[in-house]
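Please read the following briefing alongside the sequence and the coordinates.

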Amino acid sequence: MKILLLLALFAQAERVNPLASRPDALPGGAKLFKQKCAMCHGEDGRGTSKAPDLSRDELQALSDGELFQKITGGNVRRDMPSFSNIPELQRWQLVLKLRSLVKAH
Ligand code: HEC
């Protein structure tokens with residue numbers, strides 16, 4: 001059972017963003033971010049006292065699939081809600097939005 005769960009998680013982490021070459025999907029992701037994420041992560045995604053900065057290098061180093069997984073599963077014990085209730089393609093739009101937050105060096 002545990003192994004199946006691990007395999008399922010691994011499979012999710014390996015997934016490729018179906019919208020990766022669709023910059024036209026970004027505005028939708030930005031809108032969703034504003035509605036569902038900004039209250040904790042800040043309008044600019046750079047974090048607030050409630051939630052971490054999403055432009056950080058460590059986070060941007062994750063694969064699209066891993067970001068998708070974090071959005072889907074959340075971390076309820078640490079106050080990051082699960083967003084498995086929003087349609088998959090919208091979650092991928094959010095991944096695009098997170099990619100757009102890369103810190104200026
Ligand atoms: C109620 C507040 C809240 C909302 C709303 C929220 N988050 Fe979070 N988020 C958190 C907290 C708190 C953490 C840190 C959890 C932890 O320590 O693991 C987090 C962590 C994350 C992480 C992992 C960050 C890391 O450093 O590992 C990602 C990615 C993320 N959130 C994306 C989103 C997205 C995208 C949305 C909107 C769909 C969203 N969050 C909405 C509170 C929130």
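This is a predicted model: local features need pLDDT of at least 70, side-chain atom pairs count only at pLDDT 80 or more; totals for chains, interfaces and linings use all residues.

Residues are numbered from 1 along each chain as its sequence is written. Helices are DSSP runs of H or I with at least four residues, strands are runs of E with at least two, and both are numbered from the N terminus.

**Packing of α5 and α6**

- Helix α5, covering residues 64–73, packs against helix α6, covering residues 88–99, at an angle of about 120°, and their axes are 9 Å apart; the axes are lines fitted to C-alpha atoms, for helices over the stretch in contact, and angles run from 0 to 180 degrees between N-to-C directions.
- The crossing of α5 over α6 is right-handed, a crossing being left-handed if the near helix is turned anticlockwise from the far one by less than a right angle, and right-handed if clockwise.
- On the α5 side the contact is made by D64, L67, F68, I71 and T72, and on the α6 side by R91, W92, L94, V95 and L98, where two residues are in contact if their C-beta atoms, placed from the backbone, lie within 7 Å.
- By residue class, this contact of α5 with α6 holds 7 nonpolar, 1 polar and 2 charged residues; Ala, Val, Leu, Ile, Met, Phe, Trp, Tyr, Cys and Pro count as nonpolar, Asp, Glu, Lys and Arg as charged, and the others, Gly among them, as polar.

**Buried residues and the nonpolar core**

- The buried residues of α5 are D64, L67, F68, Q69 and I71, and they pack against α1 and α6; a residue is buried if 20 or more other C-beta atoms lie within 10 Å of its own, exposed if 12 or fewer, and partly exposed in between, with C-beta atoms placed from the backbone.
- The largest nonpolar core has 12 residues in all, namely A25, F33, C37, L54, L67, F68, I71, W92, L94, V95, L96 and L98; such a core is a set of buried Ala, Val, Leu, Ile, Met, Phe, Trp, Tyr and Cys residues joined through C-beta atoms within 7 Å.
- Both α5 and α6 supply at least two residues of this core each, and the largest share, 5 residues, comes from α6.
- Apart from neighbours within four places in sequence, F68 is in contact with Q12, R15, R91, W92 and V95.

**Surroundings of the ligand**

- Of the 20 residues around the ligand, C37, C40, A51, R78 and M80 come nearest, a residue being near a molecule or strand if its C-beta atom, placed from the backbone, lies within 6 Å of it.
- Helices α3 (38–41) and α5 each supply at least two residues of this shell, and the shell divides into 13 nonpolar, 2 polar and 5 charged residues.

- D24 lies in the loop between α1 (2–13) and α2 (26–36) and is exposed, because 8 other C-beta atoms lie within 10 Å.
- V16 is placed in the loop between α1 and α2, and its C-alpha atom is separated by 8.3 Å from that of S63, although the two are 47 residues apart along the chain.
- S49, in the loop between α3 and α4 (57–60), is exposed, with 6 other C-beta atoms within 10 Å.
- Q60, found in helix α4, counts as partly exposed, because it has 14 C-beta neighbours inside 10 Å; leaving aside neighbours within four places in sequence, Q60 is in contact with S55 and V102.

**Backbone angles after α5**

- Just after α5, G74 takes a positive phi of about 60°.
- D79, in the loop between α5 and α6, has a phi near 70°, a positive value in a residue other than glycine. Most residues other than glycine have a negative phi.
- D79 counts as exposed, because it has 10 C-beta neighbours inside 10 Å.
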